[in-house]
Every structure is written in C-alpha cells, then in structure tokens.
Amino acid sequence: MVYLDFEKPLADIEGKAEELRAMARKGDGTLDVEKEAAALDRKSSDLLRDLYKTLDPWRKTQVARHPDRPHCSDYIQALFTEYTPLAGDRAFGDDHAVMGGLARFNDAPCVVIGHEKGNDTKSRIHHNFGMARPEGYRKAIRLMDMAHRFGLPVITLVDTPGAYPGKGAEERGQSEAIARCTMKCLEIGVPLVSVIIGEGGSGGAVAFATANRIAMLEHSIYSVISPEGCASILWKDAEKMRDAAEALRLTAQDLKKLAVIDRIIAEPLGGAQRAPDEAIAAVGAEITAMLAEMSDMKPDQLIKDRRAKFLAMGSKGLAA
C-alpha cells in the first residue's frame, strides 16, 4: 500500500498491526496478539473514515493521482468482453497514452476509449503517463467515426494530467487535434458517456468528455489546468497549489453543483485504490444506468441533447 502524506498516521497504525501479526506468525504459538491487532484495526478504520470524510480539494487531487487507483486497462479488463484494440491514426503512428477499440459491454457492442497511465515505471514511460499526443486524439476521432457509422455507443474513461506539451506534439498539431476530437464528440449520432476515473486535466480531458452524460468518481478531479500549473501562473509559485485547488472548483462535488457533470460515483472508504474491484463495479453500474437513459433516443436527439448540455454550462452555480 502506498500512503499519501496525510495518511501517515494511518500508515503507522496499520504498520503496527501488521508487525504484531508477523510476530505471531514467526513465534511458537504462545503469543496471542489477535486481540491487540483487532483493536488497532478498529482504530485505523475510524481514522480512515475521519480522514476521508473531510478531504479538501488538494487532498482529493492527491487521491485522484494515487498510483494504485485502477486505470483504464483495469476497467476494460473487468467490465468489457471481446475487447479488440485498434491502433494508429492512419496519419503518423500509434499513441500508447490512448487505448481504445471495439468491445462488448453487458453483451452489447460498443466502442471504448480511454487514457492509460500505466502502473509501474516501465509502463508509465510506455504510456507517457497518460498524456496523449496528437495521434492519440486522431485515433479517438477514427474510433468515434467508426462508432457513428455502425451505430455503436461510445464509452470514454478519462484519466490524464493533460495533453502532452512537447515540441513534437505541437509541431504535429496538438491543439488542432484536441479541437477536432472535441468537435467529433459533438457530431456523432450515438450515445456518448464519459467517466472521470482519476484526473481530468485541461483540453486533453475535454476532448474525451464532451459527452451526453458525464460521471466522476467521488475522489477524482476535473479542471482546466492542474493546481500546480494554476499556482505557477497566478502566483508565480507552484507551492501555492493548495490555494489553486480550492479556487479551481475541481472536485466532483463542486462540478455537480455547477452542472458540469451529471453523476458522482461513490468510492469505497479510503478511495478506489483500497478496493479496486468494488470501485470498478460501481463504475460499471453507473455506465449501465447512463446508457439506459438514452436507449430510446434517435441520432438527431442525441446530438441536440449533447449540444444543449454544453451550451447551458455557466447558467447554474457560481456563474448564475
């Protein structure tokens, strides 16, 4: 278990409980520590509940970035069957930060697209930490075109710090690719649902999340810029990221009030990283519900619904 900085007291208690059980396993059987270990377990459970009951926006940002949270590949493996990945944008190459292809969800055909961060050093480098280049967004456009042609719903799983800002990406038209991907989301005449499973950073996230229905995991974040980037611009000091996180209104709870998203998916106590199977099942149930809401809608209704949703943003909440 990787502990975040605000979870250090929890790490101490859980570590002591494990030490006691390790001593018992190595002993001769005369040492009875289960009662004391159980008391520590109850204490850690109470502390965990207290910590996660009052998470501020910066702590939610830390949880959203937790390396042990389930990633796009985990959701695809658990929720989809007959997944057939499709690669390349037919123009430059394949972007491993974006994965997608044909699959079945609840035994119905669909197209699934998502950002993949990777789960260890080697895979994170391979997937560029979930930061897509232009060819990633053009691959997504190709997949959405296919979904539109064959009448398949599109499910997107968003988890990215933002689009890759490198020189090569800019030379190959990063902003144009993001804009066209966002536009494609608005054009397709099939149900489009999106779930923010970790970070939803900047235009790199919007390009996948311009959907009929948008859900966020309880401790995920969705913002126009990272707290560190915002702090660097506004205060010339990245260390003011806590103030920036507060000002950005990037939590699922704030964004639900602002009508930017439609649903909040509850996470297990302590975050999705503590019970990945439970979190994945909750996301699957929410995707099922969102698709059911649009089951009788015609292509033109789906397009109008999506456009109306985004044109109405800003009419509720803080900007009203």
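Me: What makes up the lining of the largest cavity: how many residues are nonpolar, polar and charged?

Reply: This is a predicted model. The lining divides into four nonpolar, five polar and one charged. Pro161 and Ile221 are among the lining residues, and Pro and Ile count as nonpolar. Gly200 and Gly201 also line the cavity; Gly counts as polar. Glu199 is in the lining too, and Glu counts as charged.

Me: What makes Thr160 a lining residue of the largest cavity?

Reply: A lining residue has an atom within 4 Å of a cavity point. Thr160 is listed in that lining, so it meets this cut-off.

Me: Which strand gives the most to this lining?

Reply: β5, with three residues. β5 and β7 (221–223) each supply at least two.

Me: How many cavities of 30 Å³ or more are there, and what volume has the largest?

Reply: The structure holds one. The largest cavity has a volume of about 40 Å³.

Me: How do you know that the span of α8 agrees with its number of residues?

Reply: Helix α8 has 14 residues, 174–187. At 1.5 Å a residue it should span 20 Å. Its end C-alpha atoms are 20 Å apart, so the two agree.

Me: Why are the buried residues of α8 said to line one face?

Reply: Buried means under 20% relative accessible area. In α8 that covers Gln174, Ala177, Ile178, Cys181, Thr182, Lys184 and Cys185. Seen down the helix axis, they fall within an arc of 155 degrees, so they line one face.

Me: What do those buried residues pack against?

Reply: Their partners are α6 (134–150), α7 (167–171), β5 (192–201), α9 (202–209) and α14 (299–311).

Conventions. Residues numbered from 1 in each chain as written. Predicted model: local features only at pLDDT ≥ 70, side-chain atom pairs only at ≥ 80, totals over all residues. Heavy atoms only, no water. Helix = DSSP H or I, 4+ residues; strand = E, 2+ residues; numbered from the N terminus. Expected span 1.5 Å × (residues − 1). Buried < 20%, exposed > 50% of the residue type's maximum accessible area, 1.4 Å probe, protein only. Arc of directions from axis to C-beta. Contact = heavy atoms within 4.5 Å. 1 Å grid on protein atoms, 1.4 Å probe; cavity = no way out; pocket = protein on both sides within 12 Å on 5 of 7 lines; lining within 4 Å. Points joined across faces, edges and corners; volume = space filled by probe spheres on them.
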